Amino acid sequence: MQILQITLWLYGTALKKSLECVRKNWVVSFAPVAYGIVMSAVGMIAWRLGFLGGFLIGLAAQACISSGLHLIGNMIQQGKADFDDFIKGFTVYLWELLGIAFILWIPMRLAAMALAGVPNGGLIYLMLQIAVYVFLNPVPELVYQSRTSGLGLLSASYKFIGENWIEWFIPNVILLIGGYFLWNLVSALLLGMPGILATFIELFVLGLALTYIMLFRGFLFAELYGSTRRSREYRFRARG
């Protein structure tokens, strides 16, 4: 019973910190709109460039992810993020993310080729993708909250999931389902609105929800990473 109390206390702490952080930095919710504009502009250039264009799109996508992680990291560690962080963030974790993408791309590509002619190969490949998603789920938080890099990120992620899979996945699944229903609700409420206005509102709500979810993940990760259930029990008892 006490384990449940401690876990709920961790969730409550992360939820409260996330809400306060979003309240102070709500403008960050417009970042996904900016990233969408960046990707659209890159796409208009890249579609003419063939293979090079695909590389350019991948580079832009990783740069946008880098910027987003830098914003979230600053909000968690400093309580705020600004436009300078948004611009600077495009390069802060870029090479780290490209390295991870490259490390994963090679074995996944080889697996896809090997399973192409195997009975139920598509299902096996899908299960492999799910396994990668599960065991590497906290990699974004490791990127901006730890000093680990390269292959070390993958092993650290695997270790973290092995030690904290219950505490980590239960709220993440709930938030993912809640976000899905929120998206459908917003889409239904915006029916009949002018297309540009509806798209803008949808992107803002998506950005707000995504910011909150990523902040929650970040604060929860900070509580779990490097700690044990025994140490968290001690902190729970000493919280008063």
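# Exercises: pockets and helix packing

The largest pocket has 44 lining residues, and those nearest its centre are Ile65, Pro140, Leu210, Met214 and Arg217. The model is predicted. Work through the exercises in order.

## Exercise 1

Characterise the largest pocket by volume, contributing elements and residue class.

**Solution.** 
Step 1. Take the volume. The largest pocket holds about 1300 Å³.
Step 2. List the elements that give two or more residues to its lining. They are α2 (31-46), α3, α5, α6 (121-135), α7 (139-145), α8 (151-189) and α9 (195-224).
Step 3. Sort the lining by class. It has 35 nonpolar, seven polar and two charged residues.

## Exercise 2

Which residues line the second largest pocket, and which element gives the largest share?

**Solution.** 
Step 1. Start with the space. The second largest pocket has a volume of about 330 Å³.
Step 2. Name the lining. It consists of Phe51, Gly54, Phe55, Gly58, Leu59, Leu98, Ala101, Phe102 and Trp105.
Step 3. Assign elements. Those giving two or more residues are α3 and α5.
Step 4. Pick the main contributor. α3 supplies the largest share, five residues.
Step 5. Classify. The lining has seven nonpolar and two polar residues, with no charged ones.

## Exercise 3

Describe how α3 packs against α5, from geometry to contacts.

**Solution.** 
Step 1. Recall what to report. Two packed helices are described by the angle between their axes and the distance between the axes.
Step 2. Apply this. The axes of helix α3 (residues 51-78) and helix α5 (residues 94-115) come within 9 Å and cross at roughly 125°.
Step 3. Classify the angle. Roughly perpendicular ends at 115 degrees and roughly antiparallel needs over 145. α3 and α5 are therefore oblique to each other.
Step 4. The crossing of α3 past α5 is right-handed.
Step 5. List the contacts. From α3 come Leu59, Gln62, Ala63, Ile65, Ser66 and Leu69; they meet Leu94, Leu97, Leu98 and Ala101 of α5.
Step 6. Sort them. The contact of α3 with α5 has eight nonpolar, two polar and no charged residues.

Two links back to the pockets: Ile65 is among the residues nearest the centre of the largest pocket. Leu59, Leu98 and Ala101 are among the residues lining the second largest pocket.

## Exercise 4

Helix α1 packs with α9 and with α10. At what angle does each pair pack, and which residues make each contact?

**Solution.** 
Step 1. Treat α9. Helix α1 (residues 2-24) and α9 have axes 8 Å apart, at an angle of about 135°. α1 and α9 are therefore oblique. Their crossing is right-handed.
Step 2. List that contact. α1 gives Leu10, Tyr11, Thr13, Ala14, Leu15, Lys17, Ser18, Leu19, Cys21 and Val22; α9 gives Leu208, Thr211, Tyr212, Leu215, Phe216, Phe219, Leu220, Glu223 and Leu224. By class, there are 14 nonpolar, three polar and two charged residues in the contact of α1 with α9.
Step 3. Turn to α10. α1 and helix α10 (residues 229-237) pack at about 75°, with axes 10 Å apart. That makes α1 roughly perpendicular to α10.
Step 4. List this second contact. Gln2, Gln5, Ile6, Trp9 and Leu10 of α1 touch Arg232, Glu233, Arg235, Phe236 and Arg237 of α10. The classes are four nonpolar, two polar and four charged.

Terms used
Residues numbered from 1 in each chain as written. Predicted model: local features only at pLDDT ≥ 70, side-chain atom pairs only at ≥ 80, totals over all residues. Heavy atoms only, no water. Axes fitted to C-alpha atoms, helices over the stretch in contact; angles between N-to-C directions. Helix = DSSP H or I, 4+ residues; strand = E, 2+ residues; numbered from the N terminus. Parallel < 35°, antiparallel > 145°, perpendicular 65-115°, else oblique. Left-handed = near helix turned anticlockwise from the far one by under 90°. Contact = heavy atoms within 4.5 Å. Nonpolar A, V, L, I, M, F, W, Y, C, P; charged D, E, K, R; others polar. 1 Å grid on protein atoms, 1.4 Å probe; cavity = no way out; pocket = protein on both sides within 12 Å on 5 of 7 lines; lining within 4 Å. Points joined across faces, edges and corners; volume = space filled by probe spheres on them.
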